Amino acid sequence: MDMMAQWQARRELVEKHLALELHREPPLDARLAEAMEYSLMAGGKRLRPILVMAAADAVGGQGEQYVTTGCALEMIHTYSLIHDDLPAMDNDDYRRGKLTNHKVYGAGLATLAGDALLTLAFEVMLRQQGVDAATRLRVVQEMSVAAGMNGMVGGQAIDLASEGKHIPMELLRKMHMGKTGALFRAALRSGAILAGASEAQLTALTQYAEAFGLAFQITDDILDVTGDEATIGKPVGSDLRNDKSTYVTLTSLDEARALAAQTVNEGVQALAGFGAEADFLRDLLQYLVKRDK
């Protein structure tokens with residue numbers, strides 16, 4: 001199965017399990033559950049759960065066994081998008097081609113929907129089967145750190161404080177290592193941990209994750225300049241309008257593309273010790289800088 005076919009098959013698996021987890025119990029408040037479902041089931045790449053499964057495959061596991069943990073991570077990611085779009089943050093009107101959560105449900109309920117998805121994620125994580133309690137707890141720790149003050153939320157705080165400012169490249173990288181890269185790192189490390197990775201394998205996949213996160217962010221910055229709004233599903237040019245520092249504005253479009261290509265090569269090199277079981281990860285990274293959404 002080629003990379004895109006495997007991605008699609010696993011995306012369908014994730015969609016099925018997300019719906020199962022979301023509807024496992026009757027909700028206390030139907031409107032809150034509706035708001036949660038509105039954003040969680042709005043589609044998207046499902047990249048983070050797919051990375052959980054691909055990392056498990058790479059170390060000799062059966063990735064689809066860990067779809068539960070992947071779904072938990074997707075809930076954390078979705079909560080972050082809901083909050084990121086709020087008027088007090090980026091104040092965006094569209095996400096994945098649809099009105100953002102707060103435009104439909106109001107800022108108060110959207111905030112609660114994000115809160116509920118974040119807390120549900122850890123409940124779901126602890127339902128992962130096929131591993132012992134110590135391994136589940138290790139993954140919970142990985143996810144907690146990645147989502148918190150020294151990970152995604154910390155990066156978002158730097159982003160908020162940097163609005164309207166031209167920040168140095170070092171701070172930009174630090175911001176995106178948290179805001180974007182932390183959940184990719186958690187996805188790959190968690191999948192590897194669940195499948196019993198050695199320390200050497202875990203180190204190599206961590207290096208790959210860091211390259212993946214950087215290449216993903218650079219490409220996002222490029223698409224904000226060159227992308228098509230209908231394809232991306234959100235307005236383009238927002239970074240320039242908001243006077244944000246990006247890899248394009250701090251260098252140039254050509255330099256950003258060159259940096260993305262260099263980062264891809266570093267990520268592929270990090271997988272040199274793996275065999276064909278890591279081909280999905282290699283192909284995904286190559287695809288990443290050629291994507292149009």
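Biologist: Leaving aside its neighbours within four places in sequence, which residues is Leu 284 in contact with?

Modeller: This is a predicted model, in which local features need pLDDT of at least 70 and side-chain atom pairs count only at pLDDT 80 or more, while totals for chains, interfaces and linings use all residues. Residues are numbered from 1 along each chain as its sequence is written, and side-chain values use heavy atoms, with hydrogens and water left out. Contact means heavy atoms within 4.5 Å. With neighbours within four places set aside, Leu 284 is in contact with Met 3, Trp 7, Leu 47, Leu 51, Tyr 208 and Phe 212.

Biologist: Nice! How many residues does the largest nonpolar core have?

Modeller: A nonpolar core is a set of buried Ala, Val, Leu, Ile, Met, Phe, Trp, Tyr and Cys residues joined through side-chain atoms within 4.5 Å. Buried means under 20% relative accessible area, exposed over 50%, and partly exposed in between, using a 1.4 Å probe and protein chains only. Leu 51, Ile 76, Tyr 208, Phe 212, Leu 281 and Leu 284 have the most contacts inside the largest core, and its residue count is 74.

Biologist: And how many residues does the second, separate core have?

Modeller: Ile 167, Leu 172, Tyr 247 and Leu 259 are included in this separate core. Its count of residues is twelve.

Biologist: Let's zoom out. How many helices and strands does the protein chain have?

Modeller: Helices (H or I, at least four residues) and strands (E, at least two) are DSSP runs, numbered from the N terminus. Counted that way, the protein chain comes to 16 helices and two strands.

Biologist: What is the radius of gyration of the protein chain?

Modeller: The radius is taken over C-alpha atoms, and the globule rule is 2.2 Å times the number of residues to the power 0.38. For 293 residues that rule gives 19 Å, and the chain's value is close to it, so the chain is as compact as a globular protein of that length, with a radius of 18 Å.

Biologist: What share of the residues of the protein chain count as buried?

Modeller: The chain has 293 residues in total. The buried share of them is 52%.

Biologist: Is Arg 46 buried or exposed?

Modeller: Arg 46 lies in the loop between α2 (30-40) and α3 (47-58). Its phi is positive, about 55°, although it is not a glycine. Its relative accessibility is 1%, so Arg 46 counts as buried.

Biologist: What is the relative accessible area of Asn 91?

Modeller: Asn 91 sits in the loop between α4 (67-84) and β1 (94-95). Asn 91 has a positive phi of about 55° although it is not a glycine. Asn 91 is partly exposed, at 44%.
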